[in-house]
Amino acid sequence: MATKSEASLNLDLDLLHRLKSTEPPVWLAPRAELSETARKASKIIFSYLRTYAPKSPLDQLLIEGFDAEQIWQQIDLQSQPLLSSLKREVKKFEKKPEEIGKIREVLEGEKKVVESVGKVLEGERRVLAEESDDFDEDLDDGLDDDDEEEEEEEGSEGEEEKKGKGGAEGGIEDEFLKINELQEYLEEDEAREYGLKKDSNDSRKKGGRRVLDNEEDEDEDEEDEDEEELGVFGDSDDNEEEDEHRQKLENAGYEDFFGSKRKKAPKKNLKSIEELEEDSGLDDEEDEDEAVETKKNDNLSTHEKQSEQLRAEIEKMEKANLDPKTWTMQGEVTAAQRPKNSALEVDLDFQHNVRPAPVITEEFTASLEEMIKKRIIEGQFDDVEKAASLPSKAPRELKELDENKSKKGLAEVYEEEYVQKTNPAAAPLTFSDEQKKEASMLFKKLCLKLDALSHFHFTPKPVIEDMSIQANVPALAMEEIAPVAVSDAAMLAPEEVFAGRGDVKEEAELTKAERKRRRATEATKRMTAKKARDNTLLNDNDGDYLIFS
Amino acid sequence: MQSSMDVETVSSQTQNEPGPLPPKPLFEPLKAHEMSDGRVQFRKVNVPPHRYSPLKKVWMDIYTPIFEQMKIDIRMNLKARRVELKTRADTPDISNLQKCADFVHAFMLGFDVIDAIALLRLDELYVESFEIKDVKTLRGEHLSRAIGRLSGKGGKTKFAIENATKTRIVIADTKIHILGSFANIKIARDSLCSLILGSPAGKVYSKLRAVTARLAERF
């Protein structure tokens, strides 16, 4: 064996040396011999590592007929879990440097040391086993690691079991009382007292595992794992066990999920008690239900029932405190932050900046109408009266635009303008002046008439020397304006009115003598007139005398 | 040196005596005739065909003031359809010729003789011409409407502007001529332009009133 191993070792080394010695540029081009060498070397290394990775599915690296990618995958398959376990081991040794020595001793094969180590490891293993429930992520790793560690600790475990069964070492322990279990219980109780969550997680994990055993529900398990993880990460790192717990979390394996059958029966009762008494900050309803079921089974005392209720109340309140507040308690909330139409349900209190509209009632309208009627009767209206604008200055003369063709030529226009500028007096009356004159005449006439009516300011008519026909109207009408009395004093003098003797009598008025006298006068007048005629006639007819007697 | 001094004293002696200075030359103003080296000056004014018969009608009214008062020779070249003006020997002022030419030209543009005569009598009267298309490009019906707006009904808008601004306006199809003094031409032109651009006559009237009142107030 030794020679074979030595020979193989030499061969391996030879291969590796060959690989190492090739120049870097040689690697650039693909070469068959190099590839062959590399494959063989990797196979050898794989086989070496196989011992440390017992859980890898490949016994040896398959290189014939496989391309680089596949070989690489195989190597990866083996090395990944290996690497993580190595990392963990390194971390562990970082924390506990003394263990390195111990491990060495183990490797060297001293059983006693193994025992002592085993005791230490027991605790670790126990915790490992307890915490191995958790794990979504690296199941493979967990499995691998678990297997690895369990391999290591199998011996110790077996010892423990032997112990347990035979009661050889302890003497105290028997079927019902197991020192280990008691220790665990005490730890958990202490933890509960001091409020360390990790213990509860421990016990819960244990319980969880038991529950799983009972129910075989994987989903639950994963929930548990999540919560336990949270719990684990939330806790302080004071305890060394914390790290171990974390490590155990990562090493979940089949046993952790489904539980190893050997531990099932004896720990069942203990678990139920633990579950009952633990302060469950659990959100896992299943667990609580389990607990409730067990409680009911046990017929609680009234005090316990009350305390249970209280606890539930407290839990509810705490939960409410942790939850985000309702929107009404959140201070400034926009419409987007609250559910739809939620403001309608809540009685909101805020200040109104506007006066509320007046409610129109019958009394209101009646009062209005009363006021209106009163105002109408009084005549007191609120009309806006226009304030008379004071004449600030005389209104400007508005020049009328003449729309007819001007009769004057342009030269005349300018001539007039020039004359007006130089000699204003001699300027002929402009169109506006004539109009003014006419207007003033009209106004004077009007004023005269109005003054006559009012009688206050009397101004006589202006004397205009001109020939005019004088009518024989009563003089008072001309001189006295007010018709105070009617006078028949005529304008004309009497002789102007009638020129003649005053004996004007009508035929009817005459007496007989007067009538005779009138006739006589008329006759004499006739006679004289006739004589005068005859004379003239006679004088004319000198030539022929025709005497007619 | 002594000799030079002697000479100086001699010269000064001669200067000291108030000698007879040559008389200051008296230049009388040049007559129109003598200007331009005594050559006669001409002006020629074309007669457009539509002013031919009106010219024949008022020829004497044109001829008399030019010949008598302005002392410019004027004749009508029938063949070339031109009015020709020429300075005479006794033309008092060379500007007379130009004034007469302007006067005749104004008549040719379409102004009345009595209006154009003002050009002869007053110095500071001018004639300004522009076209409707200078103000706004109008075509077809719009152009006709603009011309109608300018004249108004029976010419009343035009007369209103004329009377208000003391100018004379001639609207010849699309050409507009304004005769008057500088400021008045401006006012009349503004009113006409606003009419061309489309403002109603009432608006133009109110503006005119305001402007002319202001003008009148100034004097």
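## Helix α17 of chain A

Helix α17 of chain A, made of residues 410-422, has 13 residues and reaches 18 Å from its first C-alpha to its last, which is close to the 18 Å expected at 1.5 Å a residue; the expected span is 1.5 Å times one less than the number of residues. Helices here are DSSP runs of H or I with at least four residues, strands are runs of E with at least two, and both are numbered from the N terminus. The buried residues of α17(A) are Leu410(A), Ala411(A), Val413(A) and Tyr414(A), where buried means under 20% relative accessible area, exposed means over 50%, and partly exposed lies in between, with a 1.4 Å probe and protein chains only.

What covers the buried residues of α17(A) includes elements of chain B, namely α6, β4 (125-131), β5 (168-172), β6 (175-181) and α10 (182-197). Contact, in this report, means heavy atoms within 4.5 Å.

## How to read this model

This is a predicted model, in which local features need pLDDT of at least 70 and side-chain atom pairs count only at pLDDT 80 or more, while totals for chains, interfaces and linings use all residues. Residues are numbered from 1 along each chain as its sequence is written, chains are lettered from A and ligands numbered from 1 in the order in which they are written, and side-chain values use heavy atoms, with hydrogens and water left out.

The predictor gives the complex an ipTM of 0.79 and a pTM of 0.37. For chain B the mean pLDDT is 88, and 89% of the residues reach 70 or more; pLDDT is the predictor's confidence in each residue, on a scale from 0 to 100.

## The two chains

The secondary structure of chain A comes to 21 helices and zero strands, and of its 549 residues 23% count as buried. Among the contacts in chain A with a separation of 6 or more, 62% are between residues 24 or more positions apart. The accessible surface of chain A comes to about 42900 Å², of which 56% belongs to carbon and sulfur atoms; such areas come from the Shrake-Rupley method with a 1.4 Å probe, and for residues only the protein chains shown count as cover.

Chain B contains 11 helices and six strands, and 38% of its 219 residues count as buried. Residues 24 or more positions apart account for 58% of the contacts in chain B with a separation of 6 or more. About 13400 Å² of accessible surface belongs to chain B, and carbon and sulfur atoms make up 56% of that area.

Asp115(B) has its place in helix α6 of chain B, and with a relative accessible area of 7% it is buried. A polar atom of the side chain of Asp115(B) lies 3.0 Å from the backbone nitrogen of Leu410(A). When residues up to four places away in sequence are not counted, Asp115(B) touches Gly409(A), Leu410(A), Arg168(B) and Leu179(B).

Within α4(B), the residues Ile62(B), Pro65(B), Ile66(B) and Met70(B) are buried. Seen down the axis of α4(B), the buried residues fall within an arc of 95°, so they line one face of the helix. Their cover includes α3 (52-57), β2 (72-77), β3, α5 and α6 (113-121) of chain B. Just after α4(B), Lys71(B) takes a positive phi of about 60°.

Asp93(B) is found in the loop between β3 (82-87) and α5 (94-109) of chain B, and it is partly exposed, with a relative accessible area of 36%. The C-alpha atoms of Asp93(B) and Met70(B) are separated by 8.6 Å, although the two residues are 23 residues apart along the chain. The side chains of Asp93(B) and Ser95(B) are joined by a polar contact of 2.8 Å; a polar contact is a pair of N or O atoms within 3.5 Å, where within protein one must be able to donate a hydrogen and the other to accept it, and residues adjacent in sequence count only if both atoms are side-chain atoms.

Conventions. The arc is that of the directions from the helix axis to the C-beta atoms.
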